[in-house]
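Colleague: Hello! Could we look at this model together, one question at a time?

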Amino acid sequence: MASITLSINNKEQAFDIDPNTPLLWVLRDHLKLVGTKFGCGIAQCGACTVHFNGNAVRSCQLPISSAAGSKITTIEGLSENGDHPVQKAWLEHDVPQCGYCQAGQIMTATALLNRNPNPTDSEIENAMNGNICRCGTYTRIKAAIKTASNSQEV
Ligand code: FES
Ligand code: FES
């Protein structure tokens, strides 16, 4: 056990916890931030994607000890009312089907647009490549990213 302090959605929180615990379990089980999903558990699907100092990472494979002192943002922290430009574009394009993968998709898309506000088709494909959608919403995801990139709000 160790005492580890994390900054999650701009709030500092201390945990007495095994330092090897994956960040995903802390988010879901300790903080009830269940928007971040468990899919594969082995960094292959992207359902558990969060922002780690602004970069998209797989929280299922990130030990909490590595997150100490870093800024973590989950889908719950992306906007106050679900009105981030990427979330609005997702609604406009009616992207989700079952919805399970979508928080991870949005977090990856947001990280992409933060570092590259006008990505090309291939840059979008490369960035989103590791986020799997079993419902096959890829075409709408791409369209929504283009809409968000053109919104001039990102
Ligand atoms: S649950 Fe983390 S990548 Fe699949
Ligand atoms: S919307 Fe169902 S897995 Fe992506």
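This is a predicted model: local features need pLDDT of at least 70, side-chain atom pairs count only at pLDDT 80 or more; totals for chains, interfaces and linings use all residues.

Colleague: Is lysine 142 buried or exposed, or something in between?

Modeller: Residues are numbered from 1 along each chain as its sequence is written, and side-chain values use heavy atoms, with hydrogens and water left out. Buried means under 20% relative accessible area and exposed over 50%, with partly exposed in between (1.4 Å probe, protein chains only). Lysine 142 has a relative accessible area of 21%, so the label is partly exposed.

Colleague: Which residue forms a salt bridge with lysine 142 with the closest N and O atoms 2.3 Å apart?

Modeller: Side chains of opposite charge can pair when their charged atoms come close. A salt bridge is a side-chain nitrogen of Lys or Arg within 4 Å of a carboxyl oxygen of Asp or Glu. Aspartate 121 meets lysine 142 at 3.9 Å, N to O. The partner at 2.3 Å is glutamate 125.

Colleague: Which residues do salt bridges that share partners join into one network?

Modeller: Lysine 142 pairs with glutamate 125 and also with aspartate 121. Aspartate 121 in turn forms a salt bridge with lysine 146, the closest N and O atoms being 2.6 Å apart. Through these shared partners, the network joins Asp121, Glu125, Lys142 and Lys146.

Colleague: How many salt bridges does the structure hold?

Modeller: Among them are the pair of aspartate 121 and lysine 142 and the pair of lysine 146 and aspartate 121. Another is glutamate 125 with lysine 142. The number of salt bridges in the structure is three.

Definitions and conventions:
Chains are lettered from A and ligands numbered from 1 in the order in which they are written.
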